[in-house]
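Walk me through this predicted model. Begin with the pockets, then move to the sheet and the helices on it.

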Amino acid sequence: MFGLKTQMVAPTQALAGRSDAIPTETIHAVLGTPLKGPYPDGTEQVVFAMGCFWGVERKFWQQDGIYTTAAGYIGGYTPNPTYKEVCSGQTGHTEGVLVVYDPKIVSFAQLLKLFWESHDPTQGHRQGNDVGTQYRSAIFTTTQAQYEAVLASKADYQKSLSAIGKGVITTEIFGPVTPADAEAPGQTTAKPFFFAEDYHQGYLHKNPDGYCGLKGTGAVCPI
């Protein structure tokens with residue numbers, strides 16, 4: 001069973017999906033801000049994937065300088081997938097969290113430190129007991145400066161991981177989208193981000209005792 005879910009589906013074998021977006025919430029349950037924008041001038045966006053998106057979203061909405069966060073699906077082939085489809089391993093997506101932040105209040109470096117230290121980026125298509133391609137670690141940047149910062153931080157964090165006997169980082173890192181690569185109006189990440197169903201948005205605010213699988217390695221990111 002796990003073998004099928006830990007192998008990336010081929011683009012030609014991915015589920016067909018649908019042309020219309022699935023219904024979801026429009027206002028952040030905690031921050032009271034728009035999930036889908038428009039976002040204020042001066043804010044920046046990035047998508048982090050580091051396992052089950054419930055705990056990841058909470059981790060980021062708790063930080064100062066965050067305008068909004070949203071759970072969704074990214075990095076795959078199926079347009080507008082459902083949670084059930086993503087969990088089947090047949091869409092190619094990973095569970096991601098869109099983070100819209102004010103760089104005057106919280107720096108991208110601070111967000112990267114939180115990303116690296118809050119999960120194990122060496123596990124490939126799993127995160128702890130959560131097994132499948134939808135739990136793989138990834139970062140989808142929207143600016144060249146973000147992309148270069150991620151690459152530099154990865155190299156530094158690998159040294160910290162190696163020092164405690166951990167393996168090689170498997171995090172997928174994507175640069176900003178180019179106009180020729182954009183698949184949807186307003187797309188800013190290298191892969192389209194599809195907002196998850198409404199019950200996933202702000203899940204651990206609505207269900208305080210809900211599941212959170214986040215667990216770091218103990219290695220410190222030297223940022």
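The lining of the second largest pocket divides into one nonpolar, seven polar and four charged residues. The pocket holds about 180 Å³ of space. Its lining runs through D120, Q123, Q127, G128, N129, D130 and K166, then Y211, G213, K215, G216 and T217.

The largest pocket has a volume of about 480 Å³. It is lined by 19 residues, and P185, Q187, F193, F194 and F195 are the closest to its centre. Here the lining residues split into eleven nonpolar, six polar and two charged. Strands β1 and β8 each contribute at least two residues to this lining.

Six strands make up an open sheet with mixed pairing, in the order β7-β6-β1-β3-β2-β8. The edges belong to β7 (172-174) and β8 (194-195). Each has a single partner strand, so one side of each is left without a neighbour in the sheet.

Within the sheet, β2 (residues 66-74) pairs with β3 (residues 94-101). The sense is antiparallel, and the pairing extends over eight bridges. T68 stands opposite V100 in β3.

Two helices pack on this sheet. Helix α2 (residues 53-61) touches β1 (44-49), β2 and β3. Its direction makes about 165° with that of β2. Helix α4 (residues 108-117) touches β1, β2, β3 and β6 (138-140). The direction of α4 makes about 10° with that of β1.

Methods
Residues numbered from 1 in each chain as written. Predicted model: local features only at pLDDT ≥ 70, side-chain atom pairs only at ≥ 80, totals over all residues. Heavy atoms only, no water. Pairing = 2+ DSSP bridges. Helix = DSSP H or I, 4+ residues; strand = E, 2+ residues; numbered from the N terminus. Contact = heavy atoms within 4.5 Å. Axes fitted to C-alpha atoms, helices over the stretch in contact; angles between N-to-C directions. 1 Å grid on protein atoms, 1.4 Å probe; cavity = no way out; pocket = protein on both sides within 12 Å on 5 of 7 lines; lining within 4 Å. Points joined across faces, edges and corners; volume = space filled by probe spheres on them. Nonpolar A, V, L, I, M, F, W, Y, C, P; charged D, E, K, R; others polar.
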